[in-house]
Amino acid sequence: IVFVSLSIPIKYNNMCMVYYNKSTAFGHLQLKWDYIISTQYSRSSLPKSCPQGAPCHVYITMPEYGSQSVFINMQVSDENDAYEPKVWLKAASTMSPSELTNPSSISDFDATLPTKRIDAEFPEERAERLLFTVLADSLQSNSVYYFKIEYDENTFSKTYSMQTLPSDGEDLTLAVGGDMGTLDDVVELNLALAGYNPQLGVIGGDIAYDNGLWQCYDVWDQWFDAWSSSMRSAEGHLIPIIAGIGNHDAGMNCDAHRELVVDEKGPYFFTFLPQHTVFSQTETGMTSPQTSVPTTSNYQVPQISQRRSYHYHLLNSNTILFILDSGYRSSWKGEQLAWFEANLEKYAHIPLKLVQYHYPVYSPCTGYSQGDIDRQNDLKKYWIPIFEKYEVSVVMENHAHVGKRTRPLIAGEVAPVGQKGVIYIGDGDWGVTPSDCDIVKNAENYNWIGQKRHVWIANLSDKGIKFVSVGKDNIEMDQFELNI
C-alpha cells in the first residue's frame, strides 16, 4: 500500500494533456482525437528540450512599428548561464555581391546588439532554457537584414535573414488564421502557402494547444520547430509572428470570472511572444544598425508580467491591425475597450483597419450553450458599435474550426446598398480537425461557409486588400477584395 501510494503521485506528477498535437518521442501517449498525455515521470527519459549548443529556437515577433523595428527572440541552453548572447546584424543593402551570394561568409557586421534576458521559470530540469530578446530598432523599412547570434564567446549560430515591413503603400502578404496545433496537417498547409510567399503570420489564438499548463512546454517546442521548418519566405527569410490569445493558450474559457495570472511561469503564450514595447524612464535604447550609436528611444522589450493580450501593428501606410483579447486575460470592456477606441481615434486617418481576436461574435455553427450566446451578445454590445463607428474593414475571428465570410454587416444585418458594413471572416482552422457542427439554416448573412482546413492569404497594396482562403493542395475556396 505504501509503495502504491508513493508511486502514483510520482508517476502522474506534472501531467500534460493536450489536443491537436502528435507524439514525437517515447514518453508521450497518443490517444484518440489527436490527444496526447505525458507526465514528468514519462518525460524523464527524454533528452533536454533545449540542449547545449546553438539556440534551439530563433524567431521574430513584431512590435507596433514593424517597418522600423522587430523583436529577435532566442531560446538557448541553460548550461552557459553566465554568457549574455549578442546579435550581429547587417543590412543587405551594405553587403557585397559575394556576401549576398553566401551570407554565411559575412564578417564585417553593421552593429552588435545586446540582448535582454527574459525572467522565466520552467517546471523540470529537462525543460530548462534561457530566453533572450533584442529589440532591433532604427531599421530601414521594407528591407532585408541578415544576422547571427553569438551564443557563447566567439561561437556563432548559423546566419538568419528577415525583412522589415513597408512604411508606405508597398505590397505585403499576410497568412491569417488560428487554431493550429502541431499535427502534420499544419506543416502540410504551411507548405501549400509557399506559392503565395507570405511575409507575416497573423495567428488568432490556440497556437500550440498547451492549455496554459506549465508542464506542457513540449508542444511549444514542436510548434516552433514546425513554424521554422515550414514558414519561410521564398527568399528564405524568417516569417515574423503576430498572435492573439485563445482559450487553449490561456487555459480557460473567455469571461471565466477568474484572473489569468501572468508571471515567470507563463502562460507560455506570454513567455515566448513579446508583441509590444514598454516605455522605460531608466533604460536606454538599443544600438542603431545605421549609426552604431544608442538611439534616443526609451521603448524596450517587456518582461513577461508586463505583456498585454491586446496590441496594434502598423502594417503599411494604409493598414493597421488590432489584436484584441475576447475575454481571457482582459475583459472586452473597461481598460481594453478604452485603449481600443483611443487608438482607433488616433489612427482614424488610416483607411484599412483590421481586427483579429479568438472567440467569434458571428459563427455559422449552431448548438452554442446559453453561456456562449450570452458572451456573444456581450461582445456584440460592446465591440460591434465601435467597429462600425470607426469603419473597421475586416474582422478576423477564430475558435469555431470552420470557414466563413459574412456579407458586410451593420448591427448584425446585411448592410443596405451604398452603406459600408463590416466583413467577418474566420473561423480558425489552420491545422486542427475541422468542426462538423450543424450550420445555420438561415445563412443569408454569409457569402461563404466551409468545413475544411484553411488559411486566409491577405495581399495588401496601395490599392487596397485582397483575401483568398487557401486549403490543402492550394485549393482556393473563397476570395474578395476591398479597395481604398
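## Reading a buried serine

Reply: At 7% relative accessibility, serine 161 counts as buried, because buried means under 20% relative accessible area. Please keep in mind throughout that this is a predicted model.

Me: In which element is serine 161 found, and with which side chain does the side chain of serine 161 make a polar contact?

Reply: Serine 161 is found in strand 12, which covers residues 160–163, and its side chain makes a polar contact of 2.7 Å with the side chain of histidine 237. If we leave out residues up to four places away in sequence, serine 161 touches Tyr145, Tyr146 and Phe147, and also Gly236, His237 and Leu238.

Me: How should I think about the nonpolar residues, and which ones touch the most other members of the largest nonpolar core?

Reply: The general idea is that in soluble globular proteins, nonpolar side chains tend to be buried together. In this structure the largest nonpolar core has 79 residues, and those that touch the most other members are Trp220, Trp223, Phe387 and Trp430. Helix 5, residues 217–230, gives the most to this core, with six residues. Apart from it lies another core, of 48 residues, among them Met74, Tyr160, Met162 and Trp456.

Me: What does tryptophan 223 touch, not counting residues up to four places away in sequence?

Reply: With those sequence neighbours set aside, the contacts of tryptophan 223 are Met180, Gly181, Thr182, Ile203, Ile207, Ala208 and Ile241.

Me: Is valine 186 buried or exposed, and what does valine 186 touch?

Reply: Valine 186 counts as buried, at 1% relative accessibility, and it is found in helix 4, residues 184–192. Beyond residues up to four places away in sequence, valine 186 touches Met180, Gly181, Trp430 and Gly431.

Me: How do I read charged side chains, and how many salt bridges does a search of the whole structure find?

Reply: Side chains of opposite charge can pair when their charged atoms come close. A search of the whole structure finds 15 salt bridges. In one of them, arginine 129 pairs with aspartate 221, the closest N and O atoms being 2.7 Å apart. Arginine 129 is buried, and so is aspartate 221.

Me: Where do glutamate 188 and lysine 472 lie in the chain?

Reply: Glutamate 188 forms a salt bridge with lysine 472, with the closest N and O atoms 3.6 Å apart. The pair again links distant parts of the chain, for glutamate 188 is in helix 4, whereas lysine 472 is in the loop between strand 28 (464–470) and strand 29 (476–483), and the two are 284 residues apart. Glutamate 188 is partly exposed, with a relative accessible area of 36%.

Me: Is lysine 463 buried or exposed?

Reply: Lysine 463 is exposed, because its relative accessible area is 60% and the cut-off for exposed is over 50%. The side chains of lysine 463 and aspartate 462 meet in a salt bridge, at 3.8 Å from N to O. Elsewhere, salt bridges that share partners join Asp81, Glu84 and Arg117 into one network.

Me: What is the phi of tyrosine 20, and what is the phi of serine 138?

Reply: Tyrosine 20 has a positive phi of about 55° although it is not a glycine, and it lies in the loop between strand 1 (16–19) and strand 2 (29–31). Tyrosine 20 is buried, with a relative accessible area of 16%. Serine 138, also not a glycine, has a positive phi of about 60°, and its place is in the loop between strand 9 (130–136) and strand 10 (144–152). Serine 138 is partly exposed, with a relative accessible area of 30%.

Conventions:
Residues numbered from 1 in each chain as written. Predicted model: local features only at pLDDT ≥ 70, side-chain atom pairs only at ≥ 80, totals over all residues. Heavy atoms only, no water. Helix = DSSP H or I, 4+ residues; strand = E, 2+ residues; numbered from the N terminus. Buried < 20%, exposed > 50% of the residue type's maximum accessible area, 1.4 Å probe, protein only. Core = buried A, V, L, I, M, F, W, Y, C linked by side-chain atoms within 4.5 Å. Contact = heavy atoms within 4.5 Å. Salt bridge = Lys/Arg side-chain N within 4 Å of Asp/Glu carboxyl O. Polar contact = N/O pair within 3.5 Å; in protein donor to acceptor, adjacent residues only side chain to side chain.
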